[in-house]
Amino acid sequence: MAIGALQLTGERTLPGIAVENYWFRRHEAAYLAIAPYCRDATVLEAGCGEGYGAALLAGVARRVLALDYDAATVAHAAATYPTLAVLRGNLAVLPLTAGSVDVVTSLQVIEHLWDQPRFVRECARVLRPGGRLLITTPNRLTFSPGRDTPLNPFHSREFSATEMAGLLTGSGFRVSALHGLRHRPRLSAVDARHGGTLVTAQLAAPPADWPATLRADVAAVTAADFVLSDVDIDASLDLVAVAELPEAAA
């Protein structure tokens, strides 16, 4: 496969694909929400995927290190986004020295990892004192409702807001903010038009079988159709956690 071409796997969202637009914009909204925390910082994007999110953060950060384990993904990100420093490595053993970054971001990644506590401890290790960890992940209560095991076979463990806060504080972080990402009113109206949610409408049939109305509604979604809220987080689509390490002792 030539550098610059990535396959749509069903788990990795890619920009510029019409039938993926809803998921791409949902992820983009989360990146836009966390970007202010990355201003003028040295940022590690742990699990960068295609690289579009790390590139967005590079617009405000001092430097972004984009890390992924998949070799083809790393080659693609390096070729497509030359402003990034792209590394290949294991998220369970981050290839950085202790205290070397100001911020670690990891969006829609932790639910895929088998040793999630180890990953969070590794994030704590590479962060400087007072550094931030920014994580987004599907809300277990709405993504796999009524289940302890994920519906998605590619997910090892999903989290509720309470469970995510416990994971972070158990590794020495202080949770300074925990938000829920949800649809704004315009998208909620689209949900109703499809008899439930736009998500379930998309998953009900392969894209080749979507009706024209669904195709048009998916194509029209923008990042502005999503909002972070502190109200009823348990009913949100995704969790957005902001956690901080203690400052160094004087």
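This briefing describes the cores, aromatic contacts, strand pairing and cysteines of one protein structure.

The structure is a predicted model, in which local features need pLDDT of at least 70 and side-chain atom pairs count only at pLDDT 80 or more, whereas totals for chains, interfaces and linings use all residues. Residues are numbered from 1 along each chain as its sequence is written, and side-chain values use heavy atoms, with hydrogens and water left out.

**Nonpolar cores**

- In the largest nonpolar core, which has 43 residues, Tyr22 and Leu198 touch the most other members; such a core is a set of buried Ala, Val, Leu, Ile, Met, Phe, Trp, Tyr and Cys residues joined through side-chain atoms within 4.5 Å, where buried means under 20% relative accessible area, exposed over 50% and partly exposed in between, with a 1.4 Å probe and protein chains only.
- Helix H1 (residues 21-34) supplies the largest share of this core, 7 residues; helices (H or I, at least four residues) and strands (E, at least two) are DSSP runs numbered from the N terminus.
- A second, separate core holds 32 residues, among them Leu65, Leu113, Ala124 and Leu245.

- Apart from its neighbours within four places in sequence, leucine 198 is in contact (heavy atoms within 4.5 Å) with Tyr22, Leu187, Val190, Asp191, Leu214, Asp217, Val218 and Val221.
- Glutamine 202 belongs to helix H8 (residues 198-203) and counts as buried because its relative accessibility is 4%.
- Residues up to four places away in sequence not counted, glutamine 202 touches Val19, Tyr22, Trp23, Trp210, Leu214 and Val218.
- Leucine 214 lies in helix H9 (residues 212-219) and, at 3% relative accessibility, is also classed as buried.
- With neighbours within four places in sequence left aside, the contacts of leucine 214 are His194, Leu198, Ala201 and Gln202.
- Leucine 214 and valine 190 are separated by 24 residues in sequence and, C-alpha to C-alpha, by 9.4 Å in space.

**Aromatic rings**

- The structure contains 4 aromatic pairs, a pair being rings of Phe, Tyr and Trp (its six-membered ring) whose centres lie within 6.5 Å, with planes under 30 degrees apart counted as stacked, over 60 as edge-to-face and the rest as tilted.
- One of these pairs joins tyrosine 22 and tryptophan 23 in an edge-to-face arrangement, at 5.0 Å centre to centre and with 90° between the planes.
- Tyrosine 22 is buried at 0% relative accessibility, tryptophan 23 is buried at 17%, and Tyr22, Trp23 and Phe226 form one aromatic cluster.
- Arginine 88 lies over the face of tyrosine 69, at 4.9 Å from the ring centre; the criterion for a charge over a ring is NZ of Lys or CZ of Arg within 6 Å of the ring centre and within 35 degrees of the ring normal.

**Strand pairing**

- Strand E6 (residues 174-183) pairs with strand E8 (residues 238-244) in the antiparallel sense over 7 bridges, given that two strands pair if DSSP finds at least two bridges between them, and leucine 181 stands opposite aspartate 238 in E8.
- E6 also pairs in the antiparallel sense with strand E7 (residues 226-229), over 4 bridges, and arginine 182 has valine 227 in E7 as its bridge partner.

**Cysteines**

- The structure holds 0 disulfides, a disulfide being a pair of cysteine sulfur atoms within 2.5 Å.
- The sulfur of cysteine 38 has its closest cysteine sulfur in cysteine 123, and because the two are 13 Å apart they are too far for a bond.
- Cysteine 38 is buried, with a relative accessible area of 0%, and cysteine 123 is buried, with a relative accessible area of 0%.
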